[in-house]
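Visitor: I have a chain open on my screen and some questions about it. Can we go through it together?
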Amino acid sequence: MTDGTGVPAKGTRSVVGQVVAAVLLVVPLLLGVWLMRGQEQPGADPSVCPGAKAHDGPEVPALCAALNRPGLPALLGAPGERVSVVETGAGKVDGVTVENTSAEVRVGEYRVRLTDDRETSGFLGSSVTEGTLLGHRAVSFTSRTVGISIDLIGGGGKAAPGGVAQHLAVAKSPLRSGGSYRLTVWRDDAKPVDEGAVRRIATEVLPSLPGWVPSTAQPGGA
């Protein structure tokens with residue numbers, strides 16, 4: 001399963017991203033558990049960012065460290081939960097492995113993914129809103145996750161609409177150059193995500209990344 005985010009191409013005003021979030025719902029067991037590609041690894045310490053893998057980009061350790069913070073549950077509005085790091089992996093396009101440039105954590109029913117988008121791409125999503133965050137160009141939008149209903153007894157399965165993922169893509173530089181960081185938040189139980197929580201996380205997390213260029217402008221709303 002793969003995901004990504006995108007924004008409308010508007011020259012230098014565009015912020016990067018494209019998303020296709022995929023989830024799995026095991027219907028016959030009535031568990032209502034939504035899963036995505038990022039998974040906790042058996043035997044691994046979920047509180048520690050894993051070492052770099054063969055197809056990880058050089059930015060992945062910093063992305064994971066930025067998300068793996070004790071204050072993240074409170075920013076999501078789930079202060080009683082803990083942060084667990086989950087594995088993300090390289091995807092494939094036309095049979096060619098694409099380098100992984102994202103990190104993901106689980107906080108209770110929440111999933112939070114942070115991606116380093118290096119180039120501009122087309123948009124796949126809805127409810128697009130352009131604005132600023134910490135003086136940087138930003139685009140917020142949503143995408144629908146896709147559920148796959150699997151009959152574990154009779155076999156077979158079918159696709160069905162899932163929940164809604166909230167995305168916020170923010171330019172790394174106030175000059176709108178050098179790519180963007182994309183924050184994606186969704187819930188395993190397909191319940192709605194507060195857009196304000198995504199902005200709170202971005203405000204705290206993005207300035208800690210090595211590729212972030214501070215702005216002297218006042219923070220704005222996206």
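Guide: We can start with a sulfur link: the bond between C49 and C64 is left-handed, with -95° about the S-S bond. Keep in mind that this is a predicted model.

Visitor: Where in the chain do C49 and C64 sit?
Guide: C49 is in the loop between β2 (34–35) and α1 (60–67), while C64 is in helix α1. They are 15 residues apart, and the pair links distant parts of the chain.

Visitor: What is the S to S distance for C49 and C64?
Guide: The distance is 2.1 Å, and the two form a disulfide. In general, a disulfide is a covalent bond between the sulfur atoms of two cysteines.

Visitor: How many disulfides does a search of the whole structure find?
Guide: The search finds one.

Visitor: Is C64 buried or exposed?
Guide: C64 has a relative accessible area of 5%, and buried means under 20%, so C64 is buried. C49 has 25%, which lies between the 20% and 50% cut-offs, so C49 is partly exposed.

Visitor: New topic, the whole chain. How many helices and strands are there?
Guide: There are three helices and 11 strands. From the N terminus on, the order is β-β-α-α-β-β-β-β-β-β-β-β-β-α.

Visitor: And how many of the residues count as buried?
Guide: The chain has 222 residues, and 45% of them count as buried. The accessible surface comes to about 10,400 Å², with 57% of that belonging to carbon and sulfur atoms.

Visitor: What about contacts between residues at least 6 apart in sequence?
Guide: Among those contacts, 63% join residues at least 24 apart.

Visitor: Let's pick a strand. Why is β11 described as largely enclosed?
Guide: Strand β11 covers residues 180–187, and eight of its eight residues are buried, so the rest of the structure largely encloses it.

Visitor: Which way do the residues of β11 point?
Guide: S180, R182, T184 and W186 point one way, and Y181, L183, V185 and R187 point the other way. In a regular strand the side chains alternate between the two faces of the sheet.

Visitor: Which strand do bridges join to β11?
Guide: Strand β7, residues 110–117, is joined to β11 by eight bridges, and the two run antiparallel. One of the paired positions is R111, whose bridge partner in β11 is W186.

Visitor: What joins the side chains of R182 and D117?
Guide: A polar contact of 2.7 Å joins them. R182 is found in strand β11 and counts as buried at 4% relative accessibility.

Visitor: Last one, helix α3. Which residues in it are buried?
Guide: The helix covers residues 195–205, and A197, V198, R199, I201, A202 and V205 are buried there.

Visitor: And what caps the N-terminal end of α3?
Guide: D194 does, with a side-chain oxygen 3.0 Å from the backbone nitrogen of G196.

Notes:
Residues are numbered from 1 along each chain as its sequence is written. This is a predicted model: local features need pLDDT of at least 70, side-chain atom pairs count only at pLDDT 80 or more; totals for chains, interfaces and linings use all residues. Side-chain values use heavy atoms; hydrogens and water are left out. A disulfide is a pair of cysteine sulfur atoms within 2.5 Å. Helices (H or I, at least four residues) and strands (E, at least two) are DSSP runs, numbered from the N terminus. Buried means under 20% relative accessible area, exposed over 50%, partly exposed in between (1.4 Å probe, protein chains only). Contact means heavy atoms within 4.5 Å. Accessible areas come from the Shrake-Rupley method with a 1.4 Å probe; for residues, only the protein chains shown count as cover. Two strands pair if DSSP finds at least two bridges between them. A polar contact is a pair of N or O atoms within 3.5 Å; within protein, one must be able to donate a hydrogen and the other to accept it, and residues adjacent in sequence count only if both atoms are side-chain atoms.
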